[in-house]
Amino acid sequence: MYGKARAPEYQGTLGATLEVNSSYEEVLVAAKRAEEEASTAVERARALLAVAEAHRRLGQAAAAGAAWRASYRAAREAEEPAAMAWALWSGGTLARQCGSLPLARRLLELAVSLARAGGDRTARGYALAGLAETGRIQGDYEAVADLHEELLREARAHGEARHIVWAMSGIAQMCRNTGEWDRALALFEESAAIAAEAEDHRGSAWSLRGVADVLSLRGETDRALLMLSRAARTCRELHLASALAYNHKMRGNVLYRAARYPQARRAYTVALTEFAAIQEPRGTALARLGLVKTLARLGRPAPLTLADLDALDTEFARIGLSYARRTITEFRAQLPALAA
């Protein structure tokens, strides 16, 4: 039904040589070469956008930040609002990845305005998608549920498989968190199938992680672990550092729910190491929460657990993760029973 997934963030000459499954090391080499060969400011802006995205997805936050800002300056020099919008989209996505959600919203809102001014429907869609994801991560489902649905309709209308997968999995995540597990599973499975059809291996890995999460909630531990193993192979093959870290964090969640606490501890510890390597505070905090809960189940003294939960609550408040804070509240209430 849908053609092969596209990667519109790779623009100009890069768009002819790179595709959605290109390794980020490959993207970085090609983008730096394009930057060196750029003869105009807009060509430089496009090359630097790809440099920024490669660094971001490799977990190199400082280099990504320098590159998207340089891309924005080159686009501004060229007086190209659409190119400025793409640079701000990259910056907003990086800010979200680094746990600076208010900054992410500001940059993405500016990107929407500039994309609209520049007549770039795709850049506008990506920036709106970034805003929707930021709101979803913050737990503000009421504010962004309609936007997810609108973006899904637009993506279907234009046959944009990659955005269909993104919007569908975002809706699925909200359904999962509000207890609509059957709908969540159906949406995650459909998004995984569409990603596979469109050869969007990254989208497939993220969707399979969602499938595993819901299967685990329904008590299907072995199937969930199988899905995670499939997704992890893709992450390793494509060097998807962030996706692999979240995969290992989810493996910890699945094992924790199955009361396989020693294995869960190992999975969370691996995830923490990976998140630290790519400087991703949100993932680090979520993996720490999983580890703290696991250690409590393994007999760690309650006062130490409570101190860690207080520190994590402060971190989640700083990042703006309301759903995670509710999880802390629920676990605090369980601690007296664990100590009994």
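Leaving aside its neighbours within four places in sequence, with which residues is Asn-247 in contact?

Author: This is a predicted model, in which local features need pLDDT of at least 70, side-chain atom pairs count only at pLDDT 80 or more, and totals for chains, interfaces and linings use all residues. Residues are numbered from 1 along each chain as its sequence is written, and side-chain values use heavy atoms, with hydrogens and water left out.

Apart from neighbours within four places in sequence, Asn-247 is in contact with Arg-209, Leu-228, Ala-231 and Ala-232; contact means heavy atoms within 4.5 Å. Asn-247 counts as buried because its relative accessibility is 2%, where buried means under 20% relative accessible area, exposed over 50%, and partly exposed in between (1.4 Å probe, protein chains only).

Asn-247 belongs to helix H13; helices are DSSP runs of H or I with at least four residues, numbered from the N terminus. The axes of H13 (residues 241-257) and H15 (residues 281-297) come within 10 Å and cross at roughly 25 degrees. Such axes are lines fitted to C-alpha atoms over the stretch in contact, and angles run from 0 to 180 degrees between N-to-C directions. H13 is therefore roughly parallel to H15, since angles under 35 degrees count as roughly parallel, over 145 as roughly antiparallel, 65 to 115 as roughly perpendicular and the rest as oblique.

In H13, Tyr-246, Lys-249 and Tyr-256 meet residues of H15, including Arg-282, Leu-286 and Arg-297.

How values were computed
Helices (H or I, at least four residues) and strands (E, at least two) are DSSP runs, numbered from the N terminus.
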